[in-house]
Amino acid sequence: MAQQYDNTVKYIMFEHADEFAKFVLGDVNVKVLANLESEQATLKAHRTDCTMRVQFPDEIAILHTEVQTHTSGKPIWLRLAGYNGFLNHAHEMNVYCNVLYLHPNAGRNDTGLYEYGRGTDYEFKLRYKVIRLADFEGEAILEMQAPGLLPFTPLMKPPAGMHPERWLERCLDEIGTSRTDEVTRHHLFEAAGVLGGLIHDPRRIRHFLPEEIMLESAFVQLYMEEARDEGRDEGRMEAMTDAILALLGTQFHPDAVQALKPTLVEIKDLQHLQQLHLAAARSESLEAFMQNLGK
């Protein structure tokens, strides 16, 4: 499911490259010269990264952006170090790396810095830009009137006091009145529908999307079906996590047990959680359970 979000974002990046580059860099004096990929951009295309050649007033450089739905897998700083070295070698120019976090809980502990060294002889440092959509004031992005950024706004902060559902409707309304052609608006609606599903109920998204999008877009229909299935799985995983914590809480100190909740919540494998539930019932100490948790 995460690939659907990644592919959607990468499509937006390439189809609205100038708008996206200005947003990422916070610099209006930049122009995208080329998307450094050979395949055609579509909503369904699979990409491993997003790389552009951009023109600043004083240099031509590489802009590289990685998309993270959640914080998981191999540490992002390791991946960026690899991409940075490869791109620097391949294109022989400066590389500016970014990581774009989609979910509000993702990237909270990412400092944007990877460095190591040994004495005074060895030093490596990579500083990259961390972009968490949840940190942006969504209304300010709407006011920019940049159509390519509109699909991201449902994941941004709504105005103070505005209900999230009303904010979702507001963002989709803005797409409907954007100064673009009908095909572009169609794609923007599709992208906003998919990305909005990260934090909004897919059923409400279906309600707010124009009827013709729901009728014509096989992509959105497939996403909605997968979102419902994923929602059921998430409900089961949440229930299993609560069961593990409740079982441990009857045996060990409640505060120590609750400290494990963030780690358990990050586990997205129902079978793994079921195994941990069995381990919780058999563990003679919290330390013994934690050993199973670390495996």
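V67 stands opposite L100 in β4, where strands pair if DSSP finds at least two bridges between them. The structure is a predicted model, in which local features need pLDDT of at least 70 and side-chain atom pairs count only at pLDDT 80 or more, while totals for chains, interfaces and linings use all residues. Residues are numbered from 1 along each chain as its sequence is written, and side-chain values use heavy atoms, with hydrogens and water left out.

Strand β3 (residues 60-68) and strand β4 (residues 95-101) are paired in the parallel sense over seven bridges. Helices (H or I, at least four residues) and strands (E, at least two) are DSSP runs, numbered from the N terminus. A further bridge partner pair of these strands is T65 with N98 in β4. T65 in β3 also stands opposite C50. Strands β2 and β3 run antiparallel and are joined by six bridges; the two form a hairpin with four residues between them. Eight of the nine residues of β3 are buried, so this strand is largely enclosed by the rest of the structure. Buried means under 20% relative accessible area, exposed over 50%, and partly exposed in between (1.4 Å probe, protein chains only).

These strands belong to an open sheet of five strands with mixed pairing, in the order β1-β2-β3-β4-β7. Strands β1 (31-35) and β7 (129-132) stand at the edges with a single partner strand each, so one side of each has no neighbour in the sheet. On average, neighbouring strands of the sheet are turned by 30 degrees against each other, direction ignored. Axes are lines fitted to C-alpha atoms, for helices over the stretch in contact, and angles run from 0 to 180 degrees between N-to-C directions.

Helix α2 (residues 17-25) packs on the sheet and touches β1, β2 (50-55), β3, β4 and β7, contact meaning heavy atoms within 4.5 Å. The direction of α2 makes about 120 degrees with that of β1. Helix α3 (residues 76-91) lies across β2, β3 and β4 and runs at about 155 degrees to β3.

Two loop residues have backbone values of note. E92 lies in the loop between α3 and β4, and its phi is near 55 degrees, a positive value in a residue other than glycine. With 71% relative accessibility, E92 counts as exposed. Q145 is found in the loop between α4 (138-143) and α5 (164-176). Phi of Q145 is likewise positive, near 55 degrees, in a residue other than glycine, and at 63% relative accessibility Q145 counts as exposed.
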